[in-house]
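Here's a quick tour for anyone meeting this structure for the first time. Have a look at the sequence and the model, then read on.

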Amino acid sequence: MLCRANHEVDKVRAELSIRGVPAVVARTGNVLLSDAAQDWLCLLEALESPTSSTKVRAASLTKFIGWSADRLASATDEDLLPLHERIAAWASTLREDGVAALWKTIEADEGVTARVLATQGGERMITDLGHVTEMIHSAHRSGAFSLHEWLLSARLHAKDDGDEERSRRLETDADAVQVLTAHSSKGLEFPIVLCPFLWTEPPSPGDVPVIHPEGSDRRLVAVGGKVGWDGHRQATELAGVSDDGENMRLLYVALTRARHHVVAWWAATKGSAKAPVTRFLFGRVGDDIRDKVTVVTDDRMWGYLDARIGLSGGTMARQVLTAHPPTDRYRPPAPQSPTIDLARFDRPIDRAWTRTSFSALTRDAS
């Protein structure tokens, strides 16, 4: 399933989970920008200062310890004493034996894996925690302070740039629906692709337009704002042209990732008039595609769409959705057990040759 933005990926993943459909989020950003990396920062701060009530309280809310906000709010200083002692012991483990030993100790003390996997999105969090742990271990730093400074700097400079080492990993290798953004699907191919959000209105340039001049790899940011700068309207229009081109390119990427079958949804809404898929289906004049399509009645829309389907040679079809999709939980088909039987020899065994060894050939030499 291909989405336009990461927040759409999260929505789809959550809905599939509610319905019991196995799903994994694939390559959605830099793991250093994840909640797991933030939890590591909080823990390292507490390991720097195990006597600090503020830092230990913050660490108690991480996945490593797993306290709820209610529990923390009602905890007294005496309630926190065992946690202070535990974190001080973890700090000693980190100094003497390193990050891997620290992770193993925390797992033994807190049962992190079992506890997190029992929560919604637990597989994603455990995968990210393990990934960040490996990166911190490979930083070759010693001590909580040094590791905290390294991780903080790495997060500040982290980008969603497709770096393989830092791209978030799949949380399972089992058969599951892969959910990712169209941008991160470039160069990939799948048997079946579903695109549920192509009909929605693209985001506007906003108050700070970003312009990509044609024929140049430069990027210009119009920081003047709406007030006090006459060029804001022109900058917004130029940014809109750049965004339109990028949105059409992402549409092309999304619709060409499938080897066998692609499904795209479309709905006639106010925002869908500017959507790339609307312009592609209903706004084509020869080889040109209009910037905006006026949303007309269903009958006229179906006329345009049916004409395009007729030119596809039977490779396109449409289906009208008149009801909400069912919310029944997915039930995977029961695995079929193969019939087990003894193998039968259907030809005589050739005993005129054999495979042997040097030891067998020389064992009677004495």
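## The chain overall

Of the 366 residues in the protein chain, 34% are buried (under 20% relative accessible area, with a 1.4 Å probe and protein chains only). This is a predicted model, so local features need pLDDT of at least 70, side-chain atom pairs count only at pLDDT 80 or more, and totals for chains, interfaces and linings use all residues. Residues are numbered from 1 along each chain as its sequence is written, and side-chain values use heavy atoms, leaving out hydrogens and water.

You'll find 13 helices and nine strands here (DSSP runs numbered from the N terminus: H or I of at least four residues for helices, E of at least two for strands).

Take helix α2 (residues 35-48) and helix α3 (residues 53-60): their axes come within 8 Å and cross at roughly 145°. Axes here are lines fitted to C-alpha atoms over the stretch in contact, with angles from 0 to 180 degrees between N-to-C directions.

Who touches whom? On the α2 side it's C42, L43, E45 and A46, and on the α3 side K55, V56 and A59, where contact means heavy atoms within 4.5 Å. That contact has five nonpolar, no polar and two charged residues (nonpolar: Ala, Val, Leu, Ile, Met, Phe, Trp, Tyr, Cys and Pro; charged: Asp, Glu, Lys and Arg; polar: the others, Gly among them).

Terms used
Buried means under 20% relative accessible area, exposed over 50%, partly exposed in between (1.4 Å probe, protein chains only).
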